[in-house]
Amino acid sequence: MEQLRWLVLVLCGVTLVNAFQDGGVGGLEPGTDDQSTTTHSAVSEHLTDINRVPPTPPEDKLLKCVCSDCDTGICETDGYCFVTVTIDTSGETQIYKKQACLDKSKQFPPEHAHKCRGGYSHNVYPWLEEEVLCCHHADFCNSQLPTASPGKPPLPSLPPKAANPWSRPGDRGGEASSVWKWSDLALAGAVAMSLLLTVILVAVMCYWHHRKQRSERIRRGFPDVESILDRSEVPLMGPHTTIRDFIELTSSGSGSGLSLLVQRSIARQIQLIEIIGKGRFGEVWRGRWRGEYVAVKIFSSRDERSWFREVEIYQTVMLRHDNLLGFIAADNKDNGTWTQLWLVTDYHENGSLFDYLMRYTVDTAGMIRMALSIATGLAHLHMDIMGNKGKPAIAHRDLKSKNILVKSNGTCAIADLGLAVRYDSATDTVDIVPNNRVGTKRYLAPECLDESMNMDHIDSFKRADVYALGLVYWEIARRCNTGGGCEEYQLPYYDMVPNDPTIEEMRKVVCIYKQRPIIPNKWQSCEDLRVMSKLMKECWYHNAGARLTALRIKKTLANLGAHDDLKC
């Protein structure tokens with residue numbers, strides 16, 4: 001592709017250079033020196049008879065001409081005799097001449113040489129003028145120009161020609177103006193053709209690139225919605241239909257989300273408003289659809305696999321849950337030069353749990369509400385629902401406070417399923433490429449850091465999720481205000497590793513030294529914080545098999561929330 005672009009630029013450059021060479025004669029300002037003009041007129045006086053080109057002689061007779069560069073001093077031609085006169089006025093005025101033959105084969109255009117059209121003048125510099133004059137009315141007709149020698153009287157001048165109101169001082173009049181007009185047209189035509197050729201080639205390359213990308217997506221198994229949309233249109237609902245109405249009326253009740261065509265219909269009507277976040281995948285925008293705010297996660301085309309995986313997970317049967325981020329639509333927007341991959345979800349103005357805890361504190365009831373909702377969402381994700389249209393067990397693999405959103409009612413929703421894996425009960429396998437070093441290094445479980453995790457069992461991934469859940473609970477508990485103040489927000493292991501730790505640094509702290517985030521002693525004086533700290537420790541066990549399940553954590557927190565009479 002890059003080589004083709006360079007070829008286009010080279011072709012356009014060559015065309016323009018040729019156009020300038022063909023049409024740029026006389027392009028510099030003629031000299032205004034009076035002495036040059038007088039001398040030039042004097043030379044032209046003696047060439048008046050040469051300047052008028054009579055009819056072409058018979059074809060069978062060759063014309064003899066004086067040749068200043070030939071050994072014999074004579075040349076024969078079937079075309080013209082010519083003489084080139086060069087006038088140099090840079091110092092003392094000097095006149096140089098060159099005599100030779102101009103064959104028909106060297107004439108352009110044929111039979112009517114451009115050089116011989118009533119005299120051809122070329123101002124190379126203001127002080128240097130070159131004039132070519134042709135004749136073929138008699139042999140040696142180009143010998144009639146006398147030389148101008150120093151000390152001799154100046155050559156007589158030609159009678160002045162009719163003045164051309166459009167010519168510059170020193171121009172030759174009407175013939176030169178005609179030449180200028182044709183050269184300008186030739187140059188303009190060359191530029192126009194170059195631009196047209198460039199536009200056509202760029203359009204062809206963009207179309208070819210688009211078709212290639214589409215074919216590659218189909219070959220790799222990605223859904224191709226272009227052909228479907230070309231054959232049908234989605235009947236849009238009324239102007240007051242909400243997204244929830246769309247989901248209830250168009251889904252089949254299986255919980256797998258909207259149909260493909262309805263998703264594309266919604267995505268095409270979304271107006272992007274502002275960027276609300278950036279990450280390794282791309283950008284997150286706040287958008288508007290029929291008065292409702294939505295979140296639009298835009299992946300770059302190089303992250304197509306991540307986009308496809310997340311869409312695939314979100315469309316799993318029976319996945320929809322109040323504590324999982326609500327999936328609305330997916331779309332791939334291709335403008336011919338690049339592809340934007342959209343993932344449209346519910347919008348939550350409080351942002352991520354990380355952002356929320358940085359700005360606000362929570363009370364014990366808010367802490368339990370958050371913790372219970374996260375455990376409920378994770379338990380639903382981990383659950384394997386049997387049946388004809390059952391839901392497979394899914395592990396998140398990148399659970400952290402930045403991937404959890406805070407809803408307006410104080411509960412949370414788990415988001416970002418781009419690294420999730422599913423368990424296939426039919427083949428008893430986990431659909432994942434063998435590479436356990438994924439996700440955020442700060443939240444990786446010990447078995448992920450030391451590469452001892454069993455990648456063939458879904459339970460291994462579930463236990464790694466629970467370890468990360470314990471770290472998220474520690475972040476929430478630090479911001480719980482029990483009346484005596486609370487700690488400032490910090491990430492787990494903030495006092496043990498740098499801001500962007502490496503795998504080796506985390507492995508030393510978590511696996512070798514077996515360190516865990518510090519639990520303040522004052523948490524033991526509050527029943528809710530005491531239960532939370534106990535849950536954290538049971539999520540952090542180095543032995544993955546000893547950790548609690550998400551369902552067990554959910555039940556413990558539900559029982560804790562039911563005791564409204566507990567006071568700190």
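How much space lies in the largest pocket?

## Basis of the model

This is a predicted model, in which local features need pLDDT of at least 70, side-chain atom pairs count only at pLDDT 80 or more, and totals for chains, interfaces and linings use all residues. Residues are numbered from 1 along each chain as its sequence is written, and side-chain values use heavy atoms, without hydrogens and water.

## The largest pocket

The largest pocket holds about 1300 Å³ of space. Of its 47 lining residues, K278, F281, K402, N403 and D416 are the closest to the centre. A pocket here is an open set of points on a 1 Å grid over the protein atoms alone, where a 1.4 Å probe fits, with protein on both sides within 12 Å along at least five of seven lines; lining residues have an atom within 4 Å of a point. The volume is the space filled by probe spheres set on the points, which are joined across faces, edges and corners.

The lining comprises 17 nonpolar, 14 polar and 16 charged residues (nonpolar: Ala, Val, Leu, Ile, Met, Phe, Trp, Tyr, Cys and Pro; charged: Asp, Glu, Lys and Arg; polar: the others, Gly among them). Domain 2 (243–347) and domain 3 (349–567) each contribute at least three residues to this lining, the domain bounds coming from an automatic or database assignment. Among the elements that each supply at least two lining residues are strand 7 (271–278), helix 8 (304–314) and strand 11 (339–346). Strand 9 gives the most, with 4 residues; helices (H or I, at least four residues) and strands (E, at least two) are DSSP runs numbered from the N terminus.

## K297 in strand 9

K297 is located in strand 9. An unreviewed UniProt entry places the feature "binding site" at K297; such annotations may be inferred rather than shown by experiment. K297 counts as buried because its relative accessibility is 11%, the cut-off for buried being under 20% relative accessible area with a 1.4 Å probe and protein chains only.

## Helix 10

Helix 10 (residues 364–382) has 19 residues and reaches 27 Å from its first C-alpha to its last, close to the expected 27 Å (1.5 Å times one less than the number of residues). Of its 19 residues, 16 are buried.

## Positive phi in two loops

Most residues other than glycine have a negative phi. R397, however, has a positive phi of about 75 degrees; R397 lies in the loop between strand 12 (394–395) and strand 13 (404–406). Y493 has a positive phi of about 65 degrees and is in the loop between helix 12 and helix 13 (503–512). R397 is buried, at 15% relative accessible area, and Y493 is buried at 1%.

Definitions and conventions
Buried means under 20% relative accessible area, exposed over 50%, partly exposed in between (1.4 Å probe, protein chains only).
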